[in-house]
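Have the model open as you read.

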Amino acid sequence: MSGSVSPATSTTPERRTVALVTLGCARNDVDSEELAGRLAADGWDLVEDPNGADIAVVNTCGFVEAAKKDSIDTLIAAADAKADGAAGSKGPKAVVAVGCLAERYGKQLADALPEADAVLGFDDYQDISARLTSILHGERPISHVPRDRRTLLPLSPVERQAAQGAVAVPGHGDAGDDAAAAVTTAEHPDDPTLSPVAPPTRRVLRRRLDTGPSAPLKLASGCDRRCSFCAIPAFRGSYLSRRPHDILDEARWLAGQGVRELVLVSENSTSYGKDLGDIKLLETLLPELAAVDGVDWLRVSYLQPAEMRPTLIDVMAGTEGVVPYFDLSFQHSAPGVLRRMRRFGGTEPFLELLETIRTRVPHAGVRSNFIVGFPGETEADFEELETFLSRAGLDAIGVFGYSDEDGTEAAGYDDKLDEDQIAERVARLTDLAEELTAQRAEDRLGERIDVLVESVAHDGVAEGRAAFQGPEVDGSVLLVPALEPGGPAVELVPGAIVSAKVVGSEGVDLHAVAITPLSLVG
């Protein structure tokens, strides 16, 4: 028949589906969305259900034991679904591990989980489409072999920018990629990874996997600190800042996708710019990001107390749109424990820092995490930490029991506490933390707050977060509409920022009555 094309000679691309399952922190969320952007640009269909995908890609976390277990359990569940699919049930055709656990353990993970079809490291991200295509065609790539990624960049931070093109850094996909340089908005107007605000040959290598009004935006990757308990620098590499124009381009692109809150993430945000020759570059960047059209809130995460400069506090406190939120990585407060952790500070310096912040922003939200049971921690050290928490007035507190991490200095310490003692201290501090944060929430009764609406139930009750609450970990606000005197009811819709009055609390969560919308989508 004239004009027909037989199946054997059809040039229609093979339909390939992929589901990305993301575990761990917001930095992993950014990495998954970069992978999604690369795959979407190469013709892959992104689906939510791993059981309905050709390939399930699990972006793992490798930070602490609980996160590692969660990652392994997720991989095993996906592999079981694959086996069920081979027997006629619904399931993916292949399961692939990426992310921090895969990068950190590589072949060791592959040997322990032969059910996974591949374990890919960060170096595979730029060619992720080709890797997954080969797996679908029955190939089993050689498993990633881990290496200390700190050795891949120059020791001197200011020399790293020139060398970064030769090193894979997840979440930094930008105009430097050859794949991006050959694509233009005019040629591909529907390509979701192309920035509508960047020069025409520059691509924002990202595809949103979430539709909420908040999104993480990566400032930098890696870490130069040498905390004795932390393995992150070894598998994430040395500190590398993203260029300001790349961050701004991505911020504008996210705003165009309906994002109203940008959450700046990195392993250490207070070091931003040191490899670009300006340790105070964050102070310059924050007002520029806050001025991006469509962005209402800007939140900075992962702040090191020892690097909190007065100028940074001033900018965070005085820039419209930068929310009053300080995510400070204290880890402990007893000076002796902090020194063994290879960290700086102590109870009094930390309290002075909090006083400085609250002098500028009285209603600021502050969160932090703490490790208890660190090798050598005495009862007096632990009691000092309890005293610090009782005086600090933190809004959110994370408590973790110490456990050895492969390759860290602390794993070789010989003054370890036994597991029962660590568990007892975790329970004690957790109870104290819950009591203190619940009291902190109760102290906000009657306070007028701004709330970003994230979801609205059928009964009209909305759930969102106050400016002093970070995504997912710091509690939430249940918000009910109310009539303004002489005015109409406040409409609650996702993406709206609403002024409200706190009328109740439950643990760290608040109950509030809406007063008036400050900013609406569109």
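Start with strand β12 and strand β13 (residues 396-401), which pair in the parallel sense over 6 bridges. Pairing here means that DSSP finds at least two bridges between two strands. The names come from DSSP runs numbered from the N terminus: helices are H or I runs of at least four residues, and strands are E runs of at least two. Within this pair, Asn369 stands opposite Gly398 in β13. To get from β12 to β13, the chain passes through helix α14 (residues 379-392), making a right-handed β-α-β crossover. Right-handed means that, with the strands pointing away from the viewer, the path from the first strand over the helix to the second runs clockwise.

Before going further, a word on the ground rules: this is a predicted model, where local features need pLDDT of at least 70 and side-chain atom pairs count only at pLDDT 80 or more, while totals for chains, interfaces and linings use all residues. Residues are numbered from 1 along each chain as its sequence is written, and side-chain values use heavy atoms, with hydrogens and water left out.

Now look to the other partner of β12. Strand β11 (residues 325-327) runs parallel to β12 and is joined to it by 3 bridges, with Asp327 standing opposite Arg367 in β12. Put together, these strands make an open sheet of 3 strands in the order β11-β12-β13, with parallel pairing. Because β11 and β13 stand at the edges with a single partner strand each, one side of each has no neighbour in the sheet. On average, neighbouring strands of this sheet are turned by 10° against each other, direction ignored. As for β12 (residues 365-372), 7 of its 8 residues are buried, meaning under 20% relative accessible area with a 1.4 Å probe, protein chains only.

What lies across β12 and β13? That's α14, running at about 170° to β12. Such angles run from 0 to 180 degrees between N-to-C directions, and axes are lines fitted to C-alpha atoms, for helices over the stretch in contact. α14 also packs with helix α15 (residues 419-442), at an angle of about 10° and with the axes 10 Å apart. That makes α14 roughly parallel to α15, a label for angles under 35 degrees. The residues in contact (heavy atoms within 4.5 Å) include Phe382 and Leu385 of α14 and Leu429 and Leu432 of α15.

Another helix pair is worth a stop. Helix α9 (residues 244-256) and helix α10 (residues 281-290) pack at about 25°, their axes 11 Å apart. So α9 is roughly parallel to α10 as well. Among the residues making the contact are Ile247 and Leu248 of α9, and Leu285 and Leu289 of α10.

Finally, find the open sheet of 5 strands, ordered β2-β1-β3-β4-β5 with parallel pairing. Its edge strands are β2 (45-46) and β5 (118-119), each pairing on one side only. Strand β4 (residues 94-98) pairs with β5 in the parallel sense over 2 bridges, and the bridge partner of Val96 in β5 is Ala118. Helix α1 (residues 26-41) packs on this sheet, touching β1 (17-22), β2, β3 (55-60) and β4, and its direction makes about 170° with that of β1. Helix α5 (residues 128-136) packs on the sheet too, touching β1, β3, β4 and β5, with its direction at about 130° to that of β3.

Key: Buried < 20%, exposed > 50% of the residue type's maximum accessible area, 1.4 Å probe, protein only. Parallel < 35°, antiparallel > 145°, perpendicular 65-115°, else oblique.
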